[in-house]
Amino acid sequence: MIIASTLRPENAVHRTTVDAGDHFIGIVKAGQTLRIRDLEGNQAADTLFFNAHDTAERYSAMDTVREQGALYLTAGSRLLSSEGRLLLTITADTCGRHDTLGGACASESNTVRYDLEKRHMHSCRDNWMQAIADHPEYGITKRDITHNINFFMNVPVTAEGGLTFEDGISAPDKYVEMLAAMDVVVLVSNCPQLNNPCNGYNPTPIELLVWD
Ligand SMILES: [Zn+2]
């Protein structure tokens with residue numbers, strides 16, 4: 001569902017560009033709105049959310065999909081935690097569809113899917129590991145890194161129930177926006193994947209904006 005936002009970038013209290021292949025970790029407070037902006041188009045933003053006060057409570061794809069009765073995320077989707085509580089609600093979306101089934105790229109999956117020599121390529125899982133190692137103050141450990149949201153990524157489900165990674169439906173300046181219902185830690189890997197079309201074979205920067 002396409003819904004544009006009325007929030008103006010010049011009123012944002014926080015703006016950060018995440019370079020191609022880089023990562024971000026930070027807190028969005030209850031009542032704040034987070035926008036993830038696909039600056040150049042066709043860029044997957046692999047994202048995890050945690051309760052900032054107890055990071056054992058985290059985004060749950062299973063609870064979110066079950067409760068909304070739909071596989072894709074878009075405006076109106078309520079992003080639920082592993083405790084069934086609301087983390088954030090998607091309030092605006094100019095892309096129209098986001099994936100939460102495909103998972104994140106990792107050294108292991110790159111090896112299995114593509115080639116043994118892809119083992120050392122940069123991956124989202126390595127990005128997340130780097131972020132939590134650099135920022136132990138959030139209390140997030142390796143075991144907390146689980147299934148995620150792939151904002152802007154196109155993983156259509158076929159009539160037969162199959163999943164494929166397809167060329168993106170996002171485009172330059174498309175964005176998704178969400179209102180935090182509790183204080184959340186946001187952990188983003190700006191996906192560096194080069195072996196499938198999730199980034200159009202050309203990883204590019206994204207921008208994160210926050211409004212009070
Ligand atoms: Zn990735």
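**Close-up views of a predicted model**

The UniProt annotation "domain: DUF1989", from an unreviewed entry, covers residues 17-185; UniProt positions follow the numbering used here, feature names are shortened, and annotations may be inferred rather than shown by experiment. Residues are numbered from 1 along each chain as its sequence is written. The model is predicted, with local features needing pLDDT of at least 70 and side-chain atom pairs counting only at pLDDT 80 or more, while totals for chains, interfaces and linings use all residues.

**View 1. The whole chain and the annotated span.** The protein has three helices and ten strands, where helices (H or I, at least four residues) and strands (E, at least two) are DSSP runs numbered from the N terminus. Along the sequence these elements follow the pattern β-β-β-β-α-β-β-α-α-β-β-β-β. The radius of gyration, taken over C-alpha atoms, is 16 Å, close to the 17 Å that the globule rule (2.2 Å times the number of residues to the power 0.38) gives for 212 residues, so the protein is as compact as a globular protein of that length. Its C-alpha trace spans about 45 × 35 × 35 Å along the principal axes. Within the annotated residues 17-185, the end C-alpha atoms lie 17 Å apart, and the span is 15% helix and 26% strand.

**View 2. The open sheet.** Six strands form an open sheet in the order β1-β10-β3-β8-β6-β5, with antiparallel pairing; two strands pair if DSSP finds at least two bridges between them. β1 (14-18) and β5 (78-80) stand at the edges, each with a single partner strand, so one side of each is left without a neighbour in the sheet.

**View 3. Strand β3 and its two partners.** Strand β3 (residues 33-38) is joined by six bridges to strand β10 (residues 206-211), and the two run antiparallel. In this pairing leucine 34 stands opposite valine 210, and arginine 37 stands opposite glutamate 207. β3 also pairs with strand β8 (residues 174-180) in the antiparallel sense over six bridges, and here threonine 33 stands opposite leucine 179. Six of the six residues of β3 are buried, so the strand is largely enclosed by the rest of the structure; a residue is buried if 20 or more other C-beta atoms, placed from the backbone, lie within 10 Å of its own. Both faces are covered, with Thr33, Arg35 and Arg37 buried on one side and Leu34, Ile36 and Asp38 buried on the other.

**View 4. The largest nonpolar core.** Of the 50 residues in this core, Phe49, Val184 and Val185 touch the most other members; such a core is a set of buried Ala, Val, Leu, Ile, Met, Phe, Trp, Tyr and Cys residues joined through C-beta atoms within 7 Å. Strand β9 (residues 184-190) gives the most to the core, with five residues. Leaving aside neighbours within four places in sequence, valine 185 is in contact (C-beta atoms, placed from the backbone, within 7 Å) with residues including Ile25, Ile27, Phe49 and Tyr138.

**View 5. Two loop residues with positive phi.** Asparagine 42, found in the loop between β3 and β4 (45-51), has a positive phi of about 55 degrees although it is not a glycine. This asparagine 42 is buried, with 23 other C-beta atoms within 10 Å. Phenylalanine 152 lies in the loop between β7 (149-151) and β8, and its phi is near 75 degrees, a positive value in a residue other than glycine. With 29 C-beta neighbours inside 10 Å, phenylalanine 152 likewise counts as buried.

Notes:
A residue is buried if 20 or more other C-beta atoms lie within 10 Å of its own, exposed if 12 or fewer, and partly exposed in between; C-beta atoms are placed from the backbone. Two residues are in contact if their C-beta atoms, placed from the backbone, lie within 7 Å.
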